[in-house]
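Hi,

Here is the structure I promised to pass on. Have a look at it first, and then read my notes below.

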Amino acid sequence: MSQPQPMPAALQGLAQDFREALRHSVYLVRRLDADGELSAAQLSTLKMLLHDGVRVGEIARNLGVKVPSATEQIIKLEKVGLVRRDPDPHDSRAVRVVLTTEGRAAVDTANERRNAVMAEILMTLSDSERRALAAALPVIEKINGTLHN
């Protein structure tokens, strides 16, 4: 059995630079709505539920926390009427956390505020920089897709 080939130094460097850029981007996105009513973690949780709802374990995995921490977050959101727990139609022992109408409105409002702030930031870029960013988005989506699989 042969040993795996070491990664080229240039690829290692690109991986490090990309990771650092993503880390800084996460910080930026968290600050976009600092005056909003929802924390970044709460908004992230709500956005996970935009489609058909999600099991608590999956929420925990996506947030990078343990199930009890995710449950605590869900309880807080449930108390203010932004989510509810429904039986999972595929597993009678499990529940799915789903958005309420109020939860969906909260996500929409936060998105509008964040998009407005980000648009102001993007206005500081040149046309060629905005085109380069737009061209990079499909590549970033492809990378994100590999991480979700």
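Let's start with the strands: β1 and strand β3 (residues 91-99) run antiparallel and are joined by two bridges. V54 has V97 of β3 as its bridge partner. Two strands count as paired if DSSP finds at least two bridges between them. Helices (H or I, at least four residues) and strands (E, at least two) are DSSP runs, numbered from the N terminus.

Before going further, a word on the source: this is a predicted model, in which local features need pLDDT of at least 70 and side-chain atom pairs count only at pLDDT 80 or more, while totals for chains, interfaces and linings use all residues. Residues are numbered from 1 along each chain as its sequence is written, and side-chain values use heavy atoms, with hydrogens and water left out.

As for confidence, pLDDT is the predictor's own, given for each residue from 0 to 100. The protein chain has a mean of 89, with 97% of its residues at 70 or more.

Axes here are lines fitted to C-alpha atoms (for helices, over the stretch in contact), and angles run from 0 to 180 degrees between N-to-C directions.

Now the helix pairs. Helix α3 (residues 56-63) packs with α4 at about 105°, their axes 8 Å apart. That angle makes α3 roughly perpendicular to α4 (65 to 115 degrees; under 35 is roughly parallel, over 145 roughly antiparallel and the rest oblique). V56, G57, I59 and A60 of α3 make the contact with V67, A70, T71 and I74 of α4, where contact means heavy atoms within 4.5 Å. By class, that gives six nonpolar, two polar and no charged residues (Ala, Val, Leu, Ile, Met, Phe, Trp, Tyr, Cys and Pro are nonpolar, Asp, Glu, Lys and Arg charged, and the others, Gly among them, polar).

What about α2 and helix α5 (residues 101-122)? Their axes cross at roughly 120° and come within 10 Å, and the two helices are therefore oblique to each other. A40, L43, L46 and K47 of α2 meet G103, V107, A110, N111 and R114 of α5. This contact divides into five nonpolar, two polar and two charged residues.

Cheers
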